[in-house]
Amino acid sequence: MKTFCGRANPTTGALDWVEESEEYDYHQEIARSCYADMLHDRDRNVKYYQGIRAAVGRVKARGEKVVVLDIGTGTGLLSMMAITAGADLCYAVEVFKPMAEAAACIVKKNGFSDKIKVINKHSTKVTVGPDGDMQERANVLVTELFDTELIGEGALPSYEHAHLHLVQECCEAVPHRATVYAQLVESERLWSWTQIRPMQLEGHTLVPPTALCQCAGAPSVCDIQLSQVPPSAFTRLGPLCTMFSVDFSRLITSAPQTHSCRFVVQTGGSAQVVLSWWDLDMDPSGTIVCSMAPSWTYSDPRAYPWRDHWMQSVYFLPAERNVCEGEEVILTVSHDDYSLWYSLSEGQRTVEKETSCRPCTCQAHLVWTRPRFGELNDHRRRAYYLSALRSILQPDSVCLAVSDGSLLPIFAHLLGANKVFSLENSGMSKRVMEQFLEANSLQNVVHVLDVRPEQLSVDHLHGQQVSISVLIGEPYFSTSLLPWHCLFFWYCRTALTRLLRPGASILPASATLYMLAVEFQDLWRIRAPCSTCEGFDVGAMDEMFVLAQNSLDFRESRKAEPHPLWEYPCRALTKPYPVMTYDFQQCVPEQPISSEGTMPLTRRGHCHGIVLWMEYHLTDDITVSMGLTKPISEEGECVWCPHRKQGVYFFRNLWESSGDGRAAVSYSLTFDPSIGDIKMDFSVFPS
């Protein structure tokens with residue numbers, strides 16, 4: 001059975017209706033999942049295996065039959081570990097139907113079907129009894145219900161229900177315990193992801209709205225590869241705090257909780273950010289530990305076990321607060337069923353229990369992502385746009401800005417444009433920009449319009465004789481995921497042609513799509529086939545993943561994926577290649593734009609895929625890159641723009657490069673203006 005699905009096209013802005021099969025959502029979930037990352041996480045797998053062996057051994061030493069409950073079994077890996085360790089029976093619970101089917105297939109292929117029962121239900125729906133899903137309560141509880149924030153996948157209510165209904169009292173649990181750690185720091189780099197700093201411009205100080213300054217920010221955790229934020233980017237203000245532990249072998253409450261750590265400030269500064277991670281003790285004695293600590297906490301960073309399914313967390317305090325060396329303060333963490341949040345208070349105050357996280361009240365944190373905040377605060381980037389604007393603005397300029405929540409229209413006014421208008425994509429974005437204008441007494445000189453480009457008329461521009469002489473954009477749109485989605489600016493420019501003066505200035509004037517073949521240090525793991533894991537055949541998972549990818553059309557599968565590559569080190573194996581240029585001085589063409597060619601592999605290494613990014617040519621001599629921000633080093637080291645995601649096309653097979661240039665990547669890209677997307681194909685020709 002097929003159904004029609006409506007999707008907003010991020011490039012054209014149109015609502016596209018496409019026919020999809022009823023399995024489409026399942027296939028998309030599998031194709032975009034990172035199960036391979038977990039299977040390749042050897043540190044995790046080994047520690048789980050050691051913990052399971054120890055738990056099974058303790059139960060057998062008591063002379064008991066070992067019955068295991070594995071909640072969130074995924075591929076069934078932990079269940080097979082349990083049976084191999086000597087368990088008599090295992091109930092493997094998996095709510096996601098395709099994964100439950102894959103687990104059953106993997107269990108059968110490895111010869112464990114007689115001892116592992118796969119249950120396709122949410123664990124809270126599992127029943128126990130003669131006619132139930134489980135014949136008896138388990139005495140060993142094995143789970144992997146964790147995310148970067150530890151509890152974000154509903155671990156607490158699942159554990160609570162399991163202890164009440166599915167396992168024996170004081171059962172063995174793997175993991176046995178989780179401990180959450182936190183570090184209070186000052187970091188202008190990280191704080192720039194949640195607040196807008198005042199800006200000096202043409203003798204004016206542009207200030208953020210009071211509502212934004214007083215807002216607690218976005219309630220969701222900021223999960224990143226903290227190993228890529230060097231210690232030089234922050235100042236530790238206190239010791240590493242042990243905030244709380246959870247004993248998974250006993251009854252757990254999912255009710256809101258508050259935990260505090262009192263300490264003396266070691267270095268004075270501005271308390272802004274909390275860095276946090278957690279450890280898993282796989283056994284009661286804490287001798288088998290799986291740690292999420294970033295690499296810079298290791299005496300030998302090479303011993304750091306990279307993983308992407310569990311990272312580290314950054315929490316922004318509700319307000320920055322100056323603290324002095326020697327001052328006593330209290331760092332408090334609160335949590336509900338699914339999330340954590342932090343606050344800081346003076347040492348003499350009584351800590352108040354918070355049952356819910358403070359929501360964003362200014363709306364800016366709902367309009368702008370954290371990388372977008374960082375982008376708006378980037379003074380070097382701002383200087384490029386100011387320089388470009390100065391070169392094209394005239395005293396009689398009528399300027400129209402097309403970008404979501406952009407400060408460019410304010411810059412244009414302060415630089416002397418006669419009239420300035422700004423098109424916003426949503427009512428919320430419009431309100432945020434109006435707050436900025438009011439905070440700087442500019443509400444009567446910069447006019448914010450909540451109108452689609454094709455609906456804009458001279459009436460909106462306050463005059464029948466008014467036409468646009470300058471069209472500007474960063475471009476940035478909240479709906480953009482892949483680099484070329486910001487070509488929505490080009491479609492807007494085309495829709496606005498009737499309102500543009502002859503010879504109107506367009507900024508940026510054009511854009512170029514670049515690409516580069518790379519070797520990833522670690523990111524390749526999320527897409528690499530696994531075949532076997534800890535001695536078990538999990539090839540069925542690889543087969544299911546390939547089937548899911550093949551079932552999707554090129555827009556969803558064989559196209560690049562968005563990744564923030566500043567978090568994922570890689571080496572360039574080719575030089576950067578410009579493959580396609582888009583001329584914003586002209587309208588979007590009716591015919592496709594194609595590019596074909598080869599890129600010689602000029603550095604030795606493993607070619608894992610292709611990185612794609614956009615560079616915007618603001619003027620003839622000013623270019624802003626959304627990809628590489630520095631020349632590639634002699635060794636191939638790449639430095640990536642931290643504000644935008646780049647596109648990554650992963651090869652299904654690993655290719656070896658000798659670096660002599662005889663091996664090459666063949667590429668074929670076609671931009672289809674009718675759908676605003678790029679169909680791409682890459683292959684490697686060995687030497």
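Visitor: Which element gives the most to the lining of the second largest pocket?

Guide: In this predicted model, helix H10 (370-377), helix H11 (379-392) and strand S33 (623-625) each supply at least two residues of that lining. The element that gives the most, with five residues, is H11.

Visitor: Which residues lie closest to the centre of the second largest pocket?

Guide: The pocket holds about 1,200 Å³ of space. Its lining is made up of 34 residues. Those closest to the centre are Asp378, Thr629, Trp640, Pro642 and His643.

Visitor: Is Arg197, which forms a salt bridge with Glu188, buried, partly exposed or exposed?

Guide: The closest N and O atoms of Arg197 and Glu188 are 2.8 Å apart. Glu188 has a relative accessible area of 42% and is partly exposed. Buried would need under 20% and exposed over 50%. Arg197 has a relative accessible area of 26%, so Arg197 is partly exposed.

Visitor: How many residues apart are Glu320 and Arg197?

Guide: The side chains of Glu320 and Arg197 meet in a salt bridge at 2.9 Å, N to O. Glu320 sits in strand S17 (residues 312-323), while Arg197 is in the loop between helix H7 (188-191) and strand S9 (199-201). The pair thus links distant parts of the chain, and the separation is 123 residues.

Visitor: What is the relative accessible area of Glu561, the salt-bridge partner of Arg527?

Guide: Arg527 and Glu561 meet through their side chains in a salt bridge of 2.7 Å, N to O. Arg527 is in the loop between strand S25 (510-520) and strand S26 (532-533), and Glu561 is in strand S28 (residues 561-563). Because the cut-off for buried is under 20%, Arg527 counts as buried at 11% relative accessibility. Glu561 is buried as well, with a relative accessible area of 7%.

Visitor: Which residues do salt bridges that share partners join into one network?

Guide: The count of salt bridges in the model comes to 31. Some of these share partners, and one network joins Arg372, Glu375, Arg381, Glu474 and Arg644.

Visitor: Which residues does UniProt list for the domain "Protein arginine N-methyltransferase"?

Guide: The record is an unreviewed entry. Over residues 176-345 the chain is 5% helix and 46% strand, with the end C-alpha atoms 32 Å apart. For the domain, UniProt lists residues 176-345 and 510-678.

How values were computed:
Residues are numbered from 1 along each chain as its sequence is written. This is a predicted model: local features need pLDDT of at least 70, side-chain atom pairs count only at pLDDT 80 or more; totals for chains, interfaces and linings use all residues. Side-chain values use heavy atoms; hydrogens and water are left out. UniProt positions are given in the numbering used here, feature names are shortened, and annotations may be inferred rather than shown by experiment. Helices (H or I, at least four residues) and strands (E, at least two) are DSSP runs, numbered from the N terminus. On a 1 Å grid over the protein atoms alone, a cavity is a set of points where a 1.4 Å probe fits but cannot get out, and a pocket is an open set with protein on both sides within 12 Å along at least five of seven lines; lining residues have an atom within 4 Å of a point. Grid points are joined across faces, edges and corners, and a volume is the space filled by probe spheres set on the points. A salt bridge is a side-chain nitrogen of Lys or Arg within 4 Å of a carboxyl oxygen of Asp or Glu. Buried means under 20% relative accessible area, exposed over 50%, partly exposed in between (1.4 Å probe, protein chains only).
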